[in-house]
Amino acid sequence: MAQRQKILIDCDPGHDDAVALLFAAHHMDLLAVTTVHGNAPLADTTRNALAVAELAKIDVPVAAGFAGPLVGKATHAASIHGRTGLDGADVPPPTRKPIEAHAVDVIVETARQHRGELVVATIGPETNLAVALRREPRLAGWLKEITVMGGSTARGNVTPAAEFNIYCDPEAAAIVFGCGAPIRMVGLNVTRETGFNAADIARLKSSGRRVATLIADLMAFYLERQRRAQGLLIAPMHDVCAIIPYVAPNLIEYADAAVAIECHGTYTRGMTVCDLRADAAQRNARVAVKSDARPLIDLVLDTILQYA
């Protein structure tokens, strides 16, 4: 039996973050969860991570990180994820609290203990990881890979040019993409085409299983908000797309690219400039260009349905 990939997830739950946590915990060796500002304020994203873990009986440490970006004020996504960041279902409040250690310390220490084996998944703004890379210069060399849900090779969703996670802290993203560690990026050009439709949500709802039923209610809310805001007919599973390649590597196709983060543009701040023409010496990331969306979503559905 193949060894399960060790992973640390840095997240801002968030409806799609919740699904990513469930997927990773089922298929991978989830060592820790760290939380950051993003879809909701830090207190909410931390509570949501704890609540999802407790609901699904995922026994991992959860550590809170930064409540705002390196520069400027925090941006949140209540129009998509609701006031709590996880609106749409009566998610039981967690009885656990986050551990006392800061997210940055947890990232550094986990990587130190598992040198060459750990994947860090950043599926929210990258503030925690950026500070960890600055605090511990050896960190980039300790990591097997960084997998990023963020950016796009095409359009944005907060602005015409910028995707939400990168827009929330472009300076942090610039540090991460410039750190020298192997990076895998999946952006809106793939993730907004990969999600649950109404029939998928009905399948979860009709299962009679507690976790699946609650996720169905969350996804129904999320689908409606995505329809209003983005005109989508699916609830996009942005964040799980950053996790899938370590379980089913053939479901997302990648291309090597040079990725730069625009931090100053009047109209383009937060843009991921993905140069697919770059020569080998300039390339710093593998960028997702296509997903096999239906098999991918079926795998995610089957995973959620396996939770009791």
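Start with the cysteines. The count of disulfides (cysteine sulfur pairs within 2.5 Å) is zero. Move to C274. Its closest cysteine sulfur belongs to C263, 14 Å away, again too far for a bond. C241 is also buried, at 0% relative accessible area. Here buried is under 20% relative accessible area, exposed is over 50%, and partly exposed is in between, with a 1.4 Å probe and protein chains only.

This is a predicted model: local features need pLDDT of at least 70, side-chain atom pairs count only at pLDDT 80 or more, and totals for chains, interfaces and linings use all residues. Residues are numbered from 1 along each chain as its sequence is written, and side-chain values use heavy atoms, with hydrogens and water left out.

**The cores**

Next, select I9, F196, L204, I215, M219, I243 and V300. These have the most contacts inside the largest nonpolar core, a set of 64 residues. A nonpolar core joins buried Ala, Val, Leu, Ile, Met, Phe, Trp, Tyr and Cys residues through side-chain atoms within 4.5 Å. Helix 11 (residues 210-230) gives this core its largest share, nine residues. Helices (H or I, at least four residues) and strands (E, at least two) are DSSP runs, numbered from the N terminus.

Stay on F196 and show its contacts (heavy atoms within 4.5 Å). Beyond four places in sequence, its partners include V19, M219, L223, I234, M237 and I304. L204 and V300 are also among them. A second, separate core has 37 residues, including A63, I107, W142 and A172.

**Helix 8**

Select residues 170-177. Seven of the eight residues of helix 8 are buried, so the helix is largely enclosed by the rest of the structure. The buried ones are P170, E171, A172, A173, I175, V176 and F177. Now bring up the cover: it includes helix 5 (127-135), strand 5 (145-149), helix 7, strand 6 (183-186), strand 9 (252-261) and strand 11 (285-291).

**Pocket and cavity**

Go to the largest pocket, with about 390 Å³ of space. Select A77, I80, N157, F164 and Q226, the closest to its centre of the 27 lining residues. Helix 1 (15-27), helix 3 (78-81), helix 7 (164-168) and helix 11 each give two or more residues to the lining. Helix 11 supplies the largest share, four residues.

On a 1 Å grid over the protein atoms alone, a pocket is an open set of points with protein on both sides within 12 Å along at least five of seven lines; a cavity is a set where a 1.4 Å probe fits but cannot get out; lining residues have an atom within 4 Å of a point. Points are joined across faces, edges and corners, and a volume is the space filled by probe spheres set on them.

The structure holds one cavity of 30 Å³ or more. About 40 Å³ of space lies in the largest cavity. Select its lining: L21, L30, V33, A49, A53, I58, V60 and V62.

**Last stop: R203**

R203 sits in helix 10 (residues 198-205). It is partly exposed, at 35% relative accessibility. Show D298, L301, D302 and L305: R203 touches these, leaving out residues up to four places away in sequence. Then pick A216, 13 residues from R203 in sequence and 8.3 Å away, C-alpha to C-alpha.
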